[in-house]
Amino acid sequence: MHVSLMITCLGDALFPDVGVATVKLLRRLGVTVDFPGAQTCCGQPHFNSGYHHEARDLAKHTIQAFAKSPLVVTPSGSCAAMVKLEYPELFHHDPVWHGRAEDLARRTHELSDFLVNVLGQEDVGARCRLKATYHMACHLRGLGITTEPLRLLQKVQGLELLPLERHDECCGFGGSFAVRYPRISGSMVSDKAGFIEKTGADAVIATDAGCLMNIGGCLRRRGGGIRILHLAEVLAAT
């Protein structure tokens, strides 16, 4: 099987190790991975802020960048949701681009969705001696991905997975939401960090770089040394 990696803006700028882990994991499972160099932002920050014209320009660029990719895999539920749910809506008035948007939407998968529902893999051969908890990113719900990350984590040898109170509650990042409503966002992530600390975990695992950035920043300010890890980093460990 051949896929293209959609690295995402935050992955490229702040979490390059997540991209490396994603490629390492997919290759270990026999998947050939390429990286279309023309890819840029998917346009979600613009879309969420109401700049739909600019979002359409970026969506067109992304559709063209991945036009030759048989399948697209991204370690980000938010970017996968943008492509799968919002791209077709952005072009509802344009039959040609709407068709191309729907085509890319069908070919695009968030990482855990691809592993479980396309490859049919839950045990990916990961080994990781770690006591951790799991935060569910909001956009996974929109994609109908509710159990896949946990099913993958439960098969990791050596991982002690601790339950997190209100694990599916938003961390407060929400892309531009954190910029426009910093006090509300700050209160939300403070609650999330408190729940994580209560578990006694050494690390918190999530599927989105935005969640990890927001939660990780709050945890560092509070002290305690709890690590942040992307799902791909845990699954790539052997």
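User: Which residue in β7 is the bridge partner of T133?

Analyst: That's V204. Keep in mind that this is a predicted model.

User: What makes β5 and β7 a pair?

Analyst: Pairing takes at least two bridges between the strands. Residues 127–134 (β5) and 203–206 (β7) are joined by three bridges, in the parallel sense, so they meet the cut-off of at least two.

User: What order do the four strands of the open sheet come in, and is the pairing parallel or antiparallel?

Analyst: The order is β6-β5-β7-β8, and the pairing is parallel.

User: Why are β6 and β8 called edge strands?

Analyst: Each of them, β6 at 157–162 and β8 at 227–230, pairs on one side only.

User: How many helices and strands does the whole chain have?

Analyst: You'll find 13 helices and eight strands.

User: How do you know that the chain is as compact as a globular protein of that length?

Analyst: The globule rule gives 18 Å for 238 residues, and the radius of gyration here is 17 Å; those are close, so the chain counts as that compact.

User: What share of the residues is buried, and what does the word mean here?

Analyst: Buried means under 20% relative accessible area, and 51% of the 238 residues fall in that class.

User: Which share of the contacts with a separation of 6 or more comes from residues 24 or more positions apart?

Analyst: Those account for 79%.

Conventions: Residues numbered from 1 in each chain as written. Predicted model: local features only at pLDDT ≥ 70, side-chain atom pairs only at ≥ 80, totals over all residues. Heavy atoms only, no water. Helix = DSSP H or I, 4+ residues; strand = E, 2+ residues; numbered from the N terminus. Rg over C-alpha atoms; globule rule 2.2 N^0.38 Å. Buried < 20%, exposed > 50% of the residue type's maximum accessible area, 1.4 Å probe, protein only. Contact = heavy atoms within 4.5 Å.
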